[in-house]
Amino acid sequence: MPMNRVLHQMSALAERIVSGRGETSSKALSDETRRLPRQEPEDAGRDLLMQALARENMQRAWKRLKANKGAAAGVDGLSIAQTGQHLKYAWPTIRQQVMIGTYRPQPVRRVGIPKPDGSERELGIPTVIDRLIQQALLQVLQPLIDPTFSEYRYGFRPGRRGHDAVLASHQYVQDGYRVVVDVDLSKFFDRINHDILIDRLRKHVNDAGVIRLVRAYLNAGIMKGGVVVEHAEGTPQGCPLSLLLTNVLLDEVDRELELRGHRFARYADDCNVYVRSEKTGE
């Protein structure tokens, strides 16, 4: 295709995005984008982000959000239904912002969930739009990253559940590993170092756009009492990406335990290590 025709198509597409003409649905943008030829090397390393924002993947993410009927609104106060109406005209612009790196996620809304001991577990509720984008990103990243995780990890992984961890633990005890070291990382989600997490993620993801977007979500801040508080560390529980990111961060811990020959079962930030003697456990 002649370069002047390519530039004309791209210019026309950009004009419609900015002016708001002719793109009341993601299909219009998606159809025109597919007709543009692949540009190299400018588009190199952006395949994952493009896959995440592809129409079919976004539809899957939207269905997943709607299936979670108990999901509360974020700081913008918009429900899933209201967000759906908003996205009919706003999505092409939002998608373009995500692609070029100018999209800025809104802060998460902090809520407290009572725990049996009387304390509270703090959750972060993103806006529906940000939950949608995170879910779409998760659907692309999880199949890529999850197969590399340790077999001893059971929390928040496709095809695995807490009952599998219990069965594995029973087997360790039957094999003679009857001393248990119970590890619980205190306030783990609140203390995650962003730089270390991003460094770990880069080992799995070679896409600058994805890394930039994940960093933006980590830096989005938390709305509490009407005030936005910026955090240099931590990832709020309740965000679609948070559990995958915690597994990425703790992967090296799992590998170290494996290198030492230990039997263990980990579920999120809780881990039990099974050994044969109290001396070894200590």
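About 120 Å³ of space lies in the largest cavity of this predicted model, where a cavity is, on a 1 Å grid over the protein atoms alone, a set of points where a 1.4 Å probe fits but cannot get out, and a volume is the space filled by probe spheres set on the points, which are joined across faces, edges and corners. Because the model is predicted, local features need pLDDT of at least 70 and side-chain atom pairs count only at pLDDT 80 or more, while totals for chains, interfaces and linings use all residues. Residues are numbered from 1 along each chain as its sequence is written, and side-chain values use heavy atoms, with hydrogens and water left out.

Let me stay with that cavity. Its lining consists of 15 residues, and Gln-134, Tyr-217, Leu-218, Thr-235 and Cys-239 lie nearest the centre; a lining residue has an atom within 4 Å of a point. The elements giving two or more residues to this lining are H6, helix H9 (208-218) and helix H10 (242-259), with helices (H or I, at least four residues) and strands (E, at least two) taken as DSSP runs numbered from the N terminus.

The second largest cavity has a volume of about 50 Å³, and among the residues that line it are Leu-49, Gln-97, Val-98 and Arg-212. Here H5 and H9 are the elements that give two or more residues, and the largest share, four residues, comes from H9.

Now to the helices. How do H5 and H6 pack? Helix H5 (residues 80-100) and helix H6 (residues 128-145) pack at an angle of about 60°, with their axes 10 Å apart, the axes being lines fitted to C-alpha atoms over the stretch in contact, and angles running from 0 to 180 degrees between N-to-C directions. That makes H5 oblique to H6, since angles under 35 degrees count as roughly parallel, over 145 as roughly antiparallel, 65 to 115 as roughly perpendicular and the rest as oblique. On the H5 side, Val-98, which also lines the second largest cavity, is one of the residues that meet H6, where the partners include Leu-132 and Ile-133; contact means heavy atoms within 4.5 Å.

Finally, the largest pocket has a volume of about 1100 Å³, a pocket being an open set with protein on both sides within 12 Å along at least five of seven lines. Of the 36 residues that line this pocket, Leu-123, Gln-237, Gly-238, Ser-242 and Leu-243 are the closest to its centre.
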